[in-house]
Amino acid sequence: MNVSSPLGLPLVRSISPSRSIASPDPGISIAARNVNFAVSSRLGPVVQILKECSISVPTGELWMLLGPNGCGKSTLLKILAGLLTPTKGEVYVRRPRSFVFQNPDHQVVMPTVEADVAFGLGKSRCSPDQVRLKVSKALSSVGMSDYMQRPIQTLSGGQKQRVAIAGALAEACKVLLLDELTTFLDETDQMGVIKAVKNCLDESNEVTALWVTHRLEELEYADGAIYMEDGKVLCYGDPVKITEFIKAKQAAYIDQINS
Ligand SMILES: Nc1ncnc2c1ncn2[C@@H]1O[C@H](COP(=O)(O)OP(=O)(O)O)[C@@H](O)[C@H]1O
Ligand SMILES: [Mg+2]
């Protein structure tokens with residue numbers, strides 16, 4: 001079945017393999033090697049959006065991807081999801097993988113929470129009892145067990161994001177690619193989503209997440225971080241060091257404006 005979101009954008013749950021390279025290391029679930037991405041239009045020259053990006057994210061960890069608006073975070077995430085093909089370079093992402101969009105209304109389609117989480121299992125050969133078990137386990141991971149029969153439209157934005165993540169988990173997703181989920185959320189909802197993702201990773205050593213954000217305070221939940229600027233990965237690794245690096249950049253920028 002071909003499904004579109006209310007705004008006509010493609011709805012992506014589990015993404016089927018499009019292009020694959022061998023795992024660089026059994027302990028790595030996400031890897032990109034010298035990835036470039038360029039677009040060209042009839043009117044203008046080729047625009048280089050990603051330039052020689054290389055990253056690797058260990059299995060079972062939550063990593064955050066940060067950088068100014070327009071630096072290429074979503075483009076890199078879409079390449080990792082298989083939604084875009086790099087112009088040059090290689091990617092490896094453990095399967096199944098799922099992409100969760102920024103706008104919570106772009107990914108919940110069914111009338112109730114239970115039906116929405118079960119949606120992706122429609123194509124599996126699970127019995128109704130097995131489906132119920134997978135749905136209830138996934139909802140428990142994201143702290144939404146009490147909302148099983150709730151109509152989707154009564155949920156907050158963060159609760160919808162958690163339902164979307166539960167949908168991915170129900171399908172035994174191994175890699176979660178999460179694009180600025182907390183942008184439209186208030187502080188309570190924001191914390192609910194981060195804690196749900198953390199909990200999913202703590203409950204299973206097999207799930208790995210790459211979380212795009214512009215909120216520095218979210219870095220305290222990360223096992224690792226990647227900082228991008230102008231289509232390039234400037235640094236990656238220890239979140240504390242990346243936080244210091246970004247704060248130093250912000251301070252230098254403010255000094256420059258003041259002087
Ligand atoms: N299909 C496209 N055609 C032209 N430019 C694009 C396209 N997709 C993204 N861009 C440009 O690439 C840059 C990076 O975009 P994006 O990955 O969305 O950045 P971020 O998520 O970091 O804000 C932006 O300047 C954006 O305008
Ligand atoms: Mg983006």
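Select residues 128–141, helix α3, and residues 157–170, helix α4: the two axes come within 8 Å and cross at roughly 135°. That makes α3 oblique to α4. Angles under 35 degrees count as roughly parallel, over 145 as roughly antiparallel, 65 to 115 as roughly perpendicular and the rest as oblique. Axes are lines fitted to C-alpha atoms, for helices over the stretch in contact, and angles run from 0 to 180 degrees between N-to-C directions. Helices (H or I, at least four residues) and strands (E, at least two) are DSSP runs, numbered from the N terminus.

This is a predicted model, in which local features need pLDDT of at least 70 and side-chain atom pairs count only at pLDDT 80 or more, while totals for chains, interfaces and linings use all residues. Residues are numbered from 1 along each chain as its sequence is written, and chains are lettered from A and ligands numbered from 1 in the order in which they are written.

Show K134, V135, A138, L139 and S141 in α3, which meet A166, L169 and A170 in α4. Six residues of this contact are nonpolar, one is polar and one is charged. Contact here means C-beta atoms, placed from the backbone, within 7 Å. Ala, Val, Leu, Ile, Met, Phe, Trp, Tyr, Cys and Pro count as nonpolar, Asp, Glu, Lys and Arg as charged, and the others, Gly among them, as polar.

From α4, select G157, G158, Q161, R162, I165 and L169; their partners in α5 are D189, Q190, G192, V193, A196, V197 and C200. This contact has six nonpolar, five polar and two charged residues.

**Around ligand 1**

Move to ligand 1. Which residues surround ligand 1? They are V39, V47, I49, G67, N69, G70, C71, G72, K73, S74 and T75, where a residue is near a molecule or strand if its C-beta atom, placed from the backbone, lies within 6 Å of it. Strand β2 (47–58) and helix α1 (73–81) each supply at least two residues of this shell. The most come from α1, with three residues. By class, the shell has four nonpolar, six polar and one charged.

**The three-stranded sheet**

Now show β2 together with β1 and β4. These strands form an open sheet in the order β2-β1-β4, with antiparallel pairing; two strands pair if DSSP finds at least two bridges between them. At the edges are β2 and β4 (88–93), each pairing on one side only. Neighbouring strands are turned by 15° against each other on average, direction ignored.

Zoom in on β1 (residues 28–39), which pairs with β4 over five bridges. A31 has Y92 in β4 as its bridge partner. Also in β1 is N34, which has a positive phi of about 45° although it is not a glycine. Most residues other than glycine have a negative phi, and most peptide bonds are trans.

Bring α1 back into view: this helix lies across β1, β2 and β4, and runs at about 120° to β1. Then select R95 and P96, which are joined by a cis peptide bond with omega about -10°. P96 is in the loop between β4 and β5.

**The six-stranded sheet**

The last stop is an open sheet of six strands with mixed pairing, in the order β5-β6-β7-β3-β8-β9. Its edge strands are β5 (97–100) and β9, each pairing on one side only. From one strand to the next, the twist averages 15°. Helix α6 (residues 239–258) packs on this sheet and touches β3, β8 and β9; its direction makes about 30° with that of β8.

Select β3 (residues 62–66) and β8 (residues 224–229), a parallel pair with four bridges. Here L65 stands opposite I226, and L66 has Y227 as its bridge partner.

Finish with β9 (residues 232–237), which runs antiparallel to β8 and is joined to β8 by five bridges. E229 stands opposite K232. The hairpin of β8 and β9 has two residues between the strands, and D230 there takes a positive phi near 50°.

Definitions and conventions: Contact = placed C-beta atoms within 7 Å.
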